[in-house]
Amino acid sequence: MTTRLHFPYQFDGRGRTRDDDEAAWIRGLIEQVVFTAPGERVMRPDFGSGLRELVFAPNSPELASTTQFLVQGALQQWLADLITVEAVEVEAVDARLSVTVQYLIRRTESRQRDSFVQGGAI
């Protein structure tokens, strides 16, 4: 059995490291890729999507396309062995950033659709 650590790191009720099932673990990996800025991780300076850097740029169809392209490219680069990205939707309103990713978990062939929110009220 493979241990998949919960993101963010936590302890369970027994005081041990909390682990997750595969779907929850992959969701945590996606969240890490989406909201990590390149250069933020010392040992992996190219890890992340650069999404947060675009939050306050003027909204336009071009920016929306660029943002979706960046997120989808980062997910494919870092998680291609685990998932197939089918769609990415990004919405920026004021200080709130919402990303919805539709993907297929390769091992189980189960389709997932998860939303991730950063900043502002949920």
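What I am showing is a predicted model, in which local features need pLDDT of at least 70 and side-chain atom pairs count only at pLDDT 80 or more, while totals for chains, interfaces and linings use all residues. Residues are numbered from 1 along each chain as its sequence is written, and side-chain values use heavy atoms, with hydrogens and water left out.

Let me start with the sheet. Three strands make up an open sheet in the order E1-E2-E3, with antiparallel pairing. Its edges are strand E1, residues 83–93, and strand E3, residues 110–118, each of which pairs on one side only. From one strand to the next the twist averages 15°, where axes are lines fitted to C-alpha atoms, for helices over the stretch in contact, and angles run from 0 to 180 degrees between N-to-C directions. Helix H1, residues 22–35, packs on this sheet and touches E1, E2 and E3, with its direction at about 135° to that of E2; contact, here and below, means heavy atoms within 4.5 Å.

Now to the pairings themselves. E1 and E2 run antiparallel and are joined by ten bridges, and in this pairing valine 85 stands opposite tyrosine 103 of E2. Strand E2, residues 96–105, is joined to E3 by nine bridges, again antiparallel, with serine 98 opposite valine 117 of E3. How much of E2 is covered? Eight of its ten residues are buried, so to speak mostly covered, where buried means under 20% relative accessible area, exposed over 50%, and partly exposed in between, with a 1.4 Å probe and protein chains only.

E2 and E3 also form a hairpin with four residues between them. As background, most residues other than glycine have a negative phi. Glutamate 109 counts as exposed, because its relative accessibility is 63%.

Staying with E3, I would like to look at arginine 113, which lies in that strand. Arginine 113 counts as partly exposed, because its relative accessibility is 46%. Which residues does arginine 113 touch, not counting those up to four places away in sequence? They are Glu89, Thr100, Val101 and Gln102. Its side chain makes a polar contact of 3.1 Å with the side chain of glutamate 89, and another, of 3.3 Å, with that of glutamine 102. A polar contact is a pair of N or O atoms within 3.5 Å; within protein, one must be able to donate a hydrogen and the other to accept it, and residues adjacent in sequence count only if both atoms are side-chain atoms.

Leucine 79, leaving aside neighbours within four places in sequence, is in contact with Leu29, Ile30 and Val33.

There is one aromatic pair in the model, formed by phenylalanine 47 and tryptophan 78, edge-to-face at 5.1 Å centre to centre with 65° between the planes. The rule is that rings of Phe, Tyr and Trp, the last by its six-membered ring, pair if their centres lie within 6.5 Å, with planes under 30 degrees apart counted as stacked, over 60 as edge-to-face and the rest as tilted. Phenylalanine 47 lies in the loop between H1 and helix H2 (61–79) and tryptophan 78 in helix H2, so the pair ties together parts that are 31 residues apart in sequence. Phenylalanine 47 is buried at 8% relative accessible area, and tryptophan 78 counts as buried at 19%.

Finally, serine 49 sits in the loop between H1 and H2 and is buried, with a relative accessible area of 5%. A polar atom of its side chain lies 3.3 Å from the backbone nitrogen of leucine 51. Beyond neighbours within four places in sequence, serine 49 is in contact with Val33, Val34, Thr36, Pro38, Leu70, Val71 and Ala74.

Definitions and conventions
Two strands pair if DSSP finds at least two bridges between them. Helices (H or I, at least four residues) and strands (E, at least two) are DSSP runs, numbered from the N terminus.
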